[in-house]
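Here is a friendly walk through this structure for someone meeting it for the first time. Please keep the view open as you read.

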Amino acid sequence: MATWTPDPTFYPSPRLAARAPAEKLAYVAAFDPARRHKDEIAVVDLDPKSKSYAQIVGRVAMSGAGDELHHFGWNACSSCLCPYSPHPHMERRYLVVPGLRSSRIHIIDTKPDPRRPKIVKVIEPETVMSRTVYSRPHTIHCGPDGLYLNALGSPEGEGPGGIFIMDPETFEIRGRWELDRGPQHMAYDFWWHLGCDTMITSEWGTPNMYENGVNPELLLAGKYGHQLHVWDLRRRKHRQVLDLGAEQQMVLELRPAHDPARAYGFAGVVTSTKDLSASVWL
């Protein structure tokens, strides 16, 4: 049942969220690298006062083997309070769990018993690919107008990768996000700044470039991602390329400033082909 007041776990800023009571449970991805057994979401007790503190107190197995669970997220968050697209009745209840290798997505309900979450919907890879022309869903962010999921490539394991949108209540896939992708081809992470109406995306490579291990020839040739892309968030259009240089290989994780009024963020680079160093860019 929908609530008609904002979810009490929604906060206007990360600073206020940090002052809130600590979480008492964590949901953790557990996967089999050999892809013989079903991956799981494990429930870990975080309450120091509990007799089961730091122990796994619940599990939910996926519907099949070989998903390779990676990044996952909630169906709703503080973005539901965005002034230009508010829907504060949303509740932070469901986990949206993509399988990076399988392209399958599981929807997990953490209520009524948060220690015994249950799968309530499975979106098969054929549906993901037919409705988005993407595969390998990777990261979930709950946005002001829906769920944003990035995907790392095409169904054939090539490019382009990009972002698609899912309804946060029905979990139906609405389709691809980009209206004008410009020169963007490779994909990895994405984050946005609502106040500046801007999205930033990063690059890894196409799935065929890393699923059997990073190719050293491509790495030394500077063929993996080394750019950031700047987008008009509401118009879904590519605006700018920020090239860090071909020696900065695999521009991956992105994080925004904790202060929502500050227009900066951070990007992590895996390795420099000049000296094998990793780096963080502001």
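The numbered points below go through the model topic by topic.

1. A word on the ground rules. This is a predicted model, in which local features need pLDDT of at least 70 and side-chain atom pairs count only at pLDDT 80 or more, while totals for chains, interfaces and linings use all residues. Residues are numbered from 1 along each chain as its sequence is written, and side-chain values use heavy atoms, with hydrogens and water left out.

2. Let us begin with the nonpolar core, meaning a set of buried Ala, Val, Leu, Ile, Met, Phe, Trp, Tyr and Cys residues joined through side-chain atoms within 4.5 Å. Buried stands for under 20% relative accessible area, exposed for over 50%, and partly exposed for what is in between (1.4 Å probe, protein chains only). The largest core has 15 residues, and Val 96, Ile 105, Leu 147, Leu 149, Phe 164 and Met 166 have the most contacts inside it. At least two of its residues come from each of strands E6 (105–109), E8 (135–143), E9 (146–153) and E10 (162–166); strands (E, at least two residues) are DSSP runs, numbered from the N terminus. E9 gives the largest share, three residues. Apart from this core lies another one of 11 residues, including Met 209 and Leu 252.

3. Leu 147 deserves a look of its own. Beyond its neighbours within four places in sequence, Leu 147 has contacts (heavy atoms within 4.5 Å) with residues that include Trp 74, Val 96, Cys 142, Phe 164 and Phe 171. Phe 171 sits in the loop between E10 and strand E11 (173–176) and is buried, at 6% relative accessibility. Although not a glycine, Phe 171 has a positive phi of about 65 degrees.

4. Which cysteines does the disulfide join? Cys 77 is linked to Cys 142, with an S to S distance of 2.3 Å, and this is the one disulfide in the structure (a pair of cysteine sulfur atoms within 2.5 Å). Cys 77 is in the loop between strand E4 (73–74) and strand E5 (94–98) and Cys 142 is in strand E8, so the bond ties together parts that are 65 residues apart in sequence. The disulfide is right-handed because its S-S torsion is about 135 degrees. Cys 77 is partly exposed at 22%, whereas Cys 142 is buried at 9%. Cys 80 is in no disulfide, and its nearest cysteine sulfur, that of Cys 77, is 5.9 Å away.

5. Is Leu 276 buried or exposed? Leu 276 is exposed, with a relative accessible area of 70%, and lies in the loop between strands E17 (265–272) and E18 (279–281).

6. Finally, Gly 58 in strand E3 (56–65) is buried, at 11% relative accessibility. Leaving out residues up to four places away in sequence, Gly 58 touches Ile 41, Ala 42, Val 43 and Arg 115.

Conventions
Helix = DSSP H or I, 4+ residues; strand = E, 2+ residues; numbered from the N terminus.
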